[in-house]
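Hello,

Here is the structure I promised to pass on.

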Amino acid sequence: MPKLAAFPKAFMQALCKDGSMKLATWIELASKLDIEGLEWYAGFLEMQHKNNWPLFRKMAEDKGKVIPMMCCSPDFTHPNKAFRQQEIDKQKYWIDMTHALGGSYCRVLSGQRRPELTIQEGVKLAADCIQSCLPYAEERKITLILENHYKDDFWEYPEFAQKMDVFTQLVDSIDHPNFGVNYDPSNAFLAGEDPLELLKKISHRVVTMHASDRYLKFGTIEDLRNEEDGAIGYAKRLSHGEIGKGLNDYDAIFTELKWVGFDSWISIEDGVEGMDQLERSVTFLRKKMNQYWPG
């Protein structure tokens with residue numbers, strides 16, 4: 001059966017920007033959930049000091065949890081070669097961080113969808129950068145996971161490989177045992193596409209998953225797309241919702257993943273309204289997982 005992790009979506013500002021929450025508090029809160037792991041984020045303020053890395057691993061393990069996945073956002077589509085090298089160096093640093101925490105999966109992205117980039121140029125830049133990180137990851141027994149992403153919280157432009165045809169082109173251009181896909185169904189909706197259509201194209205490459213649900217607080221997906229370029233972070237009309245109450249069909253998703261033999265980590269991106277909401281999402285996913293991967 002796949003294993004469940006959780007990501008502190010509700011507390012990113014507190015953990016990454018103003019320091020009003022400590023990671024020990026998040027570990028304590030998450031330890032009460034019916035999950036096996038905690039997905040980590042490279043930008044947590046307390047992760048700036050390498051000496052803290054083994055301490056947080058022990059803290060999680062003392063609560064009976066592991067840290068299987070690292071969420072980070074390299075920007076590999078920048079036109080400047082020196083900038084891209086800096087991003088490669090950062091990715092290797094995050095691979096070290098994942099390894100120190102006892103994790104097995106470290107996220108990569110393509111980069112920002114800069115207006116001047118052609119698809120061919122962007123795919124090549126991203127693929128070359130990811131491939132240059134793979135030997136380093138392999139040495140540390142880390143799998144790099146490319147997410148069908150929407151937009152990093154702190155980026156100006158959306159993900160270069162946001163659209164299905166670009167994403168699949170990038171995935172198909174990289175063939176390595178330490179590379180796979182982190183599938184996020186909600187992000188396909190934001191690309192104006194069907195998450196099940198995407199999943200069927202890449203399910204054989206999926207090694208981890210983000211469980212999420214999204215809804216628009218007002219307006220339409222088309223409104224969202226018209227305003228997403230050139231603004232930092234997410235559009236105000238977008239919201240993470242409680243899992244099982246949004247647009248995603250988890251029966252169809254889990255049917256496909258079960259069919260291809262998926263047996264890895266599902267990390268919950270939810271709880272923006274607090275721990276009670278996150279707990280309900282855990283309950284929903286546990287029930288579905290037991291249905292599709294019975295004991």
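Which residues lie nearest the centre of the largest cavity? They are Lys9, Arg107, His149, Asp153 and Glu269, out of 15 lining residues. Please keep in mind that this is a predicted model, in which local features need pLDDT of at least 70 and side-chain atom pairs count only at pLDDT 80 or more, while totals for chains, interfaces and linings use all residues. Residues are numbered from 1 along each chain as its sequence is written, and side-chain values use heavy atoms, with hydrogens and water left out.

A cavity here is a set of points, on a 1 Å grid over the protein atoms alone, where a 1.4 Å probe fits but cannot get out; lining residues have an atom within 4 Å of a point.

Helices (H or I, at least four residues) and strands (E, at least two) are DSSP runs, numbered from the N terminus. Six of the six residues of S11 (residues 265-270) are buried, so the strand is largely enclosed by the rest of the structure (buried means under 20% relative accessible area, exposed over 50%, partly exposed in between, with a 1.4 Å probe and protein chains only).

S11 has two parallel partners to look at (strands pair if DSSP finds at least two bridges between them). Strand S1 (residues 3-8) pairs with S11 over six bridges, in the parallel sense, and four bridges join S8 (residues 206-211) to S11, also parallel. Trp265 stands opposite Lys3 and opposite Thr208.

Helix H10 (residues 250-259) is worth a look too. Its buried residues are Tyr250, Ile253, Phe254, Glu256 and Leu257. Seen down the axis of H10, they fall within an arc of 160 degrees (taken from the directions from the helix axis to the C-beta atoms), so they line one face of the helix. Just after H10, Gly261 takes a positive phi of about 80 degrees.

Best wishes

Terms used: On a 1 Å grid over the protein atoms alone, a cavity is a set of points where a 1.4 Å probe fits but cannot get out, and a pocket is an open set with protein on both sides within 12 Å along at least five of seven lines; lining residues have an atom within 4 Å of a point.
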